[in-house]
Amino acid sequence: MRFWILAVIAGLAAGAAHAGPSIASGAYDNTLLIGVDPATGVVTGYFDMDQGDTQPSFSCIFYFKGRLVGGAANIESYFPDDPKGDLIHGVLTAKGVAQVRLTLQTEHGGCAQVFHFADADQPADFVLPSAIPWTSVRVVRAAKAYFYPAPAAAAHGRAYLVKGDGVGVRAAQPGWVQADFVGDRRTSSGWLRETDLYAP
């Protein structure tokens, strides 16, 4: 019996060692945000990049969601304001430790001029500097979304987000989400009213 138990443990360890890479939550390079719910396997994300140094300027903006199966997820991507009219299918795949590839069937408006997702010759690969335990990614819908120190707090803080900002969600309570906004210079955190965000 002892040898059988040891053999089973060794087999499990070998399987874990040879398991493929997984997709982690966090702020990847080139503005990609990803959240993974470990309880459901649902993965959500947001990409928001503009090419402001040129005239005319172009923007590549889309939200996506799917369900992980192993190290990949079939996803639906769309502009947050138009989830049906802008729907494009794609695949999110783990390509290594803290690295993913995002492939879409066609490009969203503006993406061909900013960052390619449907060009096999220019794969859209992203690297994660450090994982953050986000269970989802949400996008601000309100013109201003203030951070509160706690759910249902009487007063909000001075920091706020604007429409189109993406956030990583750490926790949620009815009507509220605890979120991080990763800026160019610093990360702002706190509680946001769920009514200020697009539906996931």
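The conversation below sets values against definitions.

Guide: This is a predicted model, in which local features need pLDDT of at least 70 and side-chain atom pairs count only at pLDDT 80 or more, while totals for chains, interfaces and linings use all residues. Residues are numbered from 1 along each chain as its sequence is written, and side-chain values use heavy atoms, with hydrogens and water left out.

Visitor: Why is the link of Cys 60 and Cys 111 called a disulfide?
Guide: A disulfide is a pair of cysteine sulfur atoms within 2.5 Å, and the sulfur atoms of Cys 60 and Cys 111 are 1.9 Å apart, so the pair is a disulfide. A search of the whole structure finds 1 disulfide.

Visitor: What makes Cys 60 and Cys 111 a tie between parts that are apart in sequence?
Guide: Cys 60 belongs to strand E4 (residues 58–69), whereas Cys 111 lies in the loop between strand E7 (99–104) and strand E8 (125–127), so the pair ties together parts that are 51 residues apart in sequence. Strands here are DSSP runs of at least two residues, labelled E and numbered from the N terminus.

Visitor: How do you know whether Cys 60 is buried or exposed?
Guide: Buried means under 20% relative accessible area, exposed over 50%, and partly exposed in between, with a 1.4 Å probe and protein chains only. Cys 60 has 0% relative accessibility and therefore counts as buried, and Cys 111, also at 0%, counts as buried.

Visitor: Why is the aromatic pair of Tyr 63 and Tyr 78 called tilted?
Guide: Rings of Phe, Tyr and Trp (its six-membered ring) pair if their centres lie within 6.5 Å, and planes under 30 degrees apart count as stacked, over 60 as edge-to-face and the rest as tilted. A search of the whole structure finds 12 aromatic pairs; in the one formed by Tyr 63 and Tyr 78, the centres are 5.8 Å apart with 55 degrees between the planes, so the pair is tilted. Tyr 63 is buried at 4% relative accessible area, and Tyr 78 is buried at 7%.

Visitor: What makes the charged end of Lys 144 sit over the ring of Tyr 160?
Guide: A charge sits over a ring if NZ of Lys or CZ of Arg is within 6 Å of the ring centre and within 35 degrees of the ring normal. The charged end of Lys 144 is 4.7 Å from the centre of the Tyr 160 ring, and is counted as sitting over that ring.

Methods:
Helices (H or I, at least four residues) and strands (E, at least two) are DSSP runs, numbered from the N terminus.
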